Amino acid sequence: MTEKIFVKNVTEIYKSLDFFKKLAIGSIASNAILGFVVGYMILAPTIVISESEKQVLSFSGERKEIVVTEKEIKKVAKDFIMRRFEWDEYSQGEIMANLEPLLTSGLKEKMADELKKQHDSFKSVSQYVGKVQITVDADGNVVGVFDKILRITGNLKNDSTNLEALQKIPLLSESQILMKVVRGSVTLENPLGIYINSVVNYEQN
């Protein structure tokens, strides 16, 4: 009788060990699968979803490390010059809205004040930019040299007809600005994450 009880106890122990063994194997397998899924989600391309005309479209976006080169810095600097110094009709709000994606938070207020002061001087003129040249020195200073073409509406008297005629007079001046750039958050409007942190203007007549 004692021997049968012993055999029964041993059998139950082996059954318990087998159960815990299977449970451990199942737990390890589940963790492995979960780790694989998480790793795939981290490394897999980003799924971008957009909605257009009641249709939902999705596509994969490749993850890439953004490498900023001197060429990219020059491109952002030229973009800043065009947004800042070129307009058909001077509008402080419109110019500032165009500049905001390229400016650090510390420069935005200063730039807004500068644009506000220039409103009365430029409200009746249009301005264009040409011959933009960008250089980057060893210290990371970005220098932009460019022509500003200012067109002022003036009243000129026509001697042959003795009538007033409106004529836009182009005024050309060479300008130079020194810019400091910093890295910041990557956004839809600033995909490289390059921001203008300070600007110094040098006017040349």
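Guide: A crossing of two helices is called right-handed if the near helix is turned clockwise from the far one by less than a right angle. The model discussed here is predicted.

Visitor: Which hand does the crossing of α3 and α4 have?

Guide: The crossing of α3 and α4 is right-handed.

Visitor: At what angle do those two helices pack, and how far apart are their axes?

Guide: Helix α3, residues 92–99, packs against helix α4, residues 105–117, at an angle of about 155 degrees. Their axes are 10 Å apart.

Visitor: Is α3 roughly parallel or roughly antiparallel to α4?

Guide: Angles over 145 degrees count as roughly antiparallel, so α3 is roughly antiparallel to α4.

Visitor: Which residues meet there?

Guide: From α3, the contact involves Q92, I95, M96 and L99. Their partners in α4 are K108, M111, A112, L115 and K116.

Visitor: And how do the residues of that contact divide by class?

Guide: Six are nonpolar, one is polar and two are charged.

Visitor: Changing topic: how many cavities of 30 Å³ or more are there?

Guide: The count comes to one cavity of 30 Å³ or more. The largest cavity holds about 40 Å³ of space.

Visitor: What lines the largest cavity?

Guide: Its lining consists of L107, K110, M111, E114 and V199. M111 also belongs to the α4 side of the contact with α3.

Visitor: Which element gives the largest share of that lining?

Guide: Helix α4 does, with four residues.

Visitor: How does the lining divide by class?

Guide: The lining of the largest cavity has three nonpolar and two charged residues, and no polar ones.

Technical notes. Residues are numbered from 1 along each chain as its sequence is written. This is a predicted model: local features need pLDDT of at least 70, side-chain atom pairs count only at pLDDT 80 or more; totals for chains, interfaces and linings use all residues. Side-chain values use heavy atoms; hydrogens and water are left out. Axes are lines fitted to C-alpha atoms, for helices over the stretch in contact, and angles run from 0 to 180 degrees between N-to-C directions. Angles under 35 degrees count as roughly parallel, over 145 as roughly antiparallel, 65 to 115 as roughly perpendicular and the rest as oblique. Contact means heavy atoms within 4.5 Å. Ala, Val, Leu, Ile, Met, Phe, Trp, Tyr, Cys and Pro count as nonpolar, Asp, Glu, Lys and Arg as charged, and the others, Gly among them, as polar. On a 1 Å grid over the protein atoms alone, a cavity is a set of points where a 1.4 Å probe fits but cannot get out, and a pocket is an open set with protein on both sides within 12 Å along at least five of seven lines; lining residues have an atom within 4 Å of a point. Grid points are joined across faces, edges and corners, and a volume is the space filled by probe spheres set on the points.
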